[in-house]
Amino acid sequence: MSDFVDRVVVHVRGGDGGNGSAGIRREKYKPLAGPNGGNGGDGGSVVFVADRNANSLLDYRFMPHRTAGNGTMGLGDNKDGSKGEDLILPVPVGTVIFAARGAQGAPKHPGEQLADLRHEGDRFVAAAGGAGGLGNIALANKTRRAPGFALLGEPGEERDVILELKSIADVALVGFPSAGKSSLVAAMSAAKPKIADYPFTTLVPNLGVVMAGDRRYTIADVPGLIPGASQGKGLGLEFLRHIERTEIIAHVIDCATLEPDRDPMSDYEALEHELAEYADRLELPLGAIPIPERPRIIVLNKVDVPEARELAEFVRPEFEAMGMPVFLISTASHEGLKELNFALADLVARMREEVARREQAEEDERVVIKPLERTRRRGPQASGPGVDFTVERQEGGNGDFWYTVTGTKPERWVMQTNFDNDEAVGYLADRLAKLGVEDELRRQGARPGDEVRIGRGDRAVAFDWDPTIAAGAEMLDGSQLGSRGRDLRLEESDPRARRRTNAERRRQYHEMMDARQAVREAMMAERRAGHWADPSVDDDPHDETSLFGRGEQGEDGEPHE
């Protein structure tokens, strides 16, 4: 089995953010000294980095699931949680990252291109870590002095991506099977590809590093290129993408073939036809030269065979008349390899300068368009461009319906909310109302009791909408607070917020005891006077000091004198 893997599907997941802390500072003689909960740590991210030391995607085939570290939760005493460790994944230079498309359980296919790691050190964050939740000290302000809740950490981003390796080589060797491409790579470099005398010996691209004096360049062998490869025949379609990044195309033509209906010129025309068919589907990177415009070199191989040398000398003028340099070589005797080596080195140097010039020119011509700044609209026209959410009315198959709220902020706020804490739920309601969600629900005809879902998929949260519900912290005397999380014990302006001194405690205690003694003496006096009776019965109509506060009345309704 080959150990060269150039396309894999990887499931990446960023680390979850840590939860915030709802700690309360406690000091001597001060059991409630204010909030001191720290923030949770951010989750780590999954990052792909182009590395020259990586030459295959084999590791990701056997380990396709990669997860970064989670952040830790915040602690009391204003201690923030630690950040999760990023997961750095090295990939070969020339790796292109696509978003994976396809139904659950079905084979994935490349979707939108996310990154092109063309240079060493290029980085791409494939799955960002979740943000840590805020602690109650970060949620406190002058109106919310003592939050009894904290925000939860956000889950990390999770998705499937496709890694596709497109070899970055200076020279691409194209030709029919058994034309001698692998033998040429082995003869000019230190690479040791598998070589045999039957078709499709090379099942994977071979890459070799060639030295020409003090200059160095790379050559790549594209295997299995036959007529019809651009439509999927043979192995050519699978590996044609490896010539997308090469700057020079070298046709390796077998002049000693014994197959009928084949000659050097027909082989060249067939290969050029397949390249032209494939070139129409390419989306070239910045600065790349289109395949039809790339320089060609004709390499007539196996001239150590007398009949092959005679054929090569015969067709050489035809190729030169087309403006292409021609080299007669033999990988068996190494004839002509030195001249080919230095000619390729000179051409590679010129093409590198041309690619750099084109890349710089395209960078200068690129126009950066920034979106216009828009004021966020709330209220009746809230669901539109430039706002933070949308509200849609959706219907089910049984006549039931619900309202779906989507948007970056509402979905993030829901994930941060601890629904076991009424004050946290009230804080969420305040944020949604301030954003304009309730106004938009009213505009679309939502009534109390209708089902509202925030988010989509498995992370959606459903609840019955009641815009008049009172949630969150309450006053110490039972009345509702206008700002949730406000504690009167921390309010300097309220007399109940200050702790009493010992002298005040003793004075208030004596006043309370004196009041109780006065009540006891009054009750005892009433008992001695015979007034100890059922207060609901007026048994003495002449007593003007009774609980009813009146004496006996005459016929005119006025009391007797």
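**A walk through the predicted structure**

Alanine 462 in E18 is the bridge partner of arginine 453. Arginine 453 belongs to strand E17, which covers residues 451–454. Strand E17 pairs with strand E18 (residues 461–464) in the antiparallel sense, over four bridges. Together E17 and E18 form a hairpin with six residues between them, and glycine 455 in the turn has a positive phi of about 100°.

Strand E17 also pairs with strand E16 (residues 401–406), here in the parallel sense and over three bridges. In this pairing, threonine 404 stands opposite arginine 453.

The next element to consider is helix H8, residues 408–416, in which Lys409, Pro410, Trp413, Val414 and Gln416 are buried. These residues lie on the same side of H8, because they cover an arc of only 160° around the axis. The cover over the buried residues of H8 includes E16, E17, E18 and helix H9 (422–435). The axes of H8 and H9 come within 10 Å and cross at roughly 175°; H8 is therefore roughly antiparallel to H9. Where the two helices meet, Lys409, Pro410, Trp413, Val414 and Gln416 of H8 touch Leu428, Arg431, Leu432 and Leu435 of H9.

Attention now turns to the interior. In soluble globular proteins, nonpolar side chains tend to be buried together. The largest nonpolar core in this model has 26 residues, and those with the most contacts inside it are Val171, Leu184, Met188, Tyr217, Ile297, Val299 and Leu340. Several elements each supply at least two residues of this core, among them strand E9 (171–174), helix H3 (181–188), strand E13 (296–301) and helix H7 (337–365). Helix H7 gives the largest share, eight residues. Another core, of 22 residues, lies apart from this one and includes Val5, Val12, Phe124 and Ala126.

Valine 299 illustrates how such a residue is surrounded. Leaving aside neighbours within four places in sequence, valine 299 is in contact with Leu184, Ala250, His251, Val252, Ile253, Phe327, Ile329 and Leu340.

Is aspartate 267 buried or exposed? Aspartate 267, which lies in helix H5 (residues 264–279), counts as buried because its relative accessibility is 3%, and the cut-off for burial is under 20%. Not counting residues up to four places away in sequence, aspartate 267 touches Phe176, Ile253 and Arg262. Arginine 26, by contrast, is exposed, with a relative accessible area of 61%. Arginine 26 is found in the loop between strand E1 (7–13) and strand E2 (46–51). The C-alpha atom of arginine 26 is separated by 9.7 Å from that of aspartate 77, although these residues are 51 residues apart along the chain.

Strands E2 and E4 run parallel and are joined by six bridges, and valine 47 stands opposite isoleucine 88 in E4.

Notes
Residues numbered from 1 in each chain as written. Predicted model: local features only at pLDDT ≥ 70, side-chain atom pairs only at ≥ 80, totals over all residues. Heavy atoms only, no water. Core = buried A, V, L, I, M, F, W, Y, C linked by side-chain atoms within 4.5 Å. Buried < 20%, exposed > 50% of the residue type's maximum accessible area, 1.4 Å probe, protein only. Contact = heavy atoms within 4.5 Å. Pairing = 2+ DSSP bridges. Arc of directions from axis to C-beta. Axes fitted to C-alpha atoms, helices over the stretch in contact; angles between N-to-C directions. Parallel < 35°, antiparallel > 145°, perpendicular 65-115°, else oblique.
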